[in-house]
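Please consult the sequence and the model alongside the text.

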Amino acid sequence: MKTRIKELRAKYDMTQEDLARKVGVRRETILFLEKGKYNPSLRLAHDIAKALKAKIEEIFTFDDEKE
Amino acid sequence: MKDKTRLLMMKVFGAILVLGIVAFISYVFVFEAGEGISPAAMFWLLVPAVLIILVLVLFLKRLSRGVKSGLPVEDEMSQRIKERAGYLATIATVWFLVGLMWYHMFIEEFGFPVIRPEHIIVIILAFMFAVFFGMWGILSRKGIR
């Protein structure tokens, strides 16, 4: 899974901690999401999409979608 | 439960654990010292104890910093990591028990040293905790999908 969280965070000048505080998770969770080391729940994906003002499918992409 | 309350509970449990470790080491040095403790035994007793206390203090400090800046103590990822570590520790412990069973079956045949029941309980618990905390540490670094 790949994410555009880092790119969108930079667009809104948000640190990992800012985003973590907004969606109610630990900073490590955001870090792992950006590195693709954790798959979020639907609820968390929705909250992140809302915080970054984008759609879920614009932020999270799975490898098989590229084929 | 509020994060500050949860953090306070973790600090209390941590303090109890540290007191338990200090009490155990004190007991060994005070009551068992008469029988003579080898330097190797002292090393294997003190080093893990100090490491455990150090890791615990650093872990709680990091959590406190997070809570002070408005971040939660636990979230979905940390809970999933704990659940996975617990599952792996349970499976590993079951296999360890099977191994212990085989060991006891062949004690007489191969002349293995007999392990006292109270020591067996300590060994099993130590193994289970070692696997749990080890896997917790590994999964906290590697991530979980």
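In this predicted model, 11 residue pairs, both at pLDDT 80 or more, are in polar contact between chain B and chain A; a polar contact is a pair of N or O atoms within 3.5 Å, where within protein one must be able to donate a hydrogen and the other to accept it, and residues adjacent in sequence count only if both atoms are side-chain atoms. On the side of chain B that touches chain A, α2 (39-68), α3 (76-105) and α5 (117-142) of chain B each supply at least two residues. Helices are DSSP runs (H or I, at least four residues), numbered from the N terminus.

**Salt bridge**
- One salt bridge is counted between chain B and chain A, defined as a side-chain nitrogen of Lys or Arg within 4 Å of a carboxyl oxygen of Asp or Glu.
- A:Glu28 forms a salt bridge with B:Arg62, with 3.8 Å between the closest N and O atoms.

**Extent of the contact**
- Chain B contributes 20 residues and chain A 18 residues, contact meaning heavy atoms within 4.5 Å.

**Helix α3(B)**
- The buried residues of α3(B) include B:Met77, B:Ile81 and B:Leu100, buried meaning under 20% relative accessible area (1.4 Å probe, protein chains only).
- These buried residues pack against α3 (27-34) of chain A together with α5 of chain B.

**Conventions**
- Residues are numbered from 1 along each chain as its sequence is written, and chains are lettered from A and ligands numbered from 1 in the order in which they are written.
- For this predicted model, local features need pLDDT of at least 70, side-chain atom pairs count only at pLDDT 80 or more, and totals for chains, interfaces and linings use all residues, while side-chain values use heavy atoms, leaving out hydrogens and water.

How values were computed:
Buried < 20%, exposed > 50% of the residue type's maximum accessible area, 1.4 Å probe, protein only.
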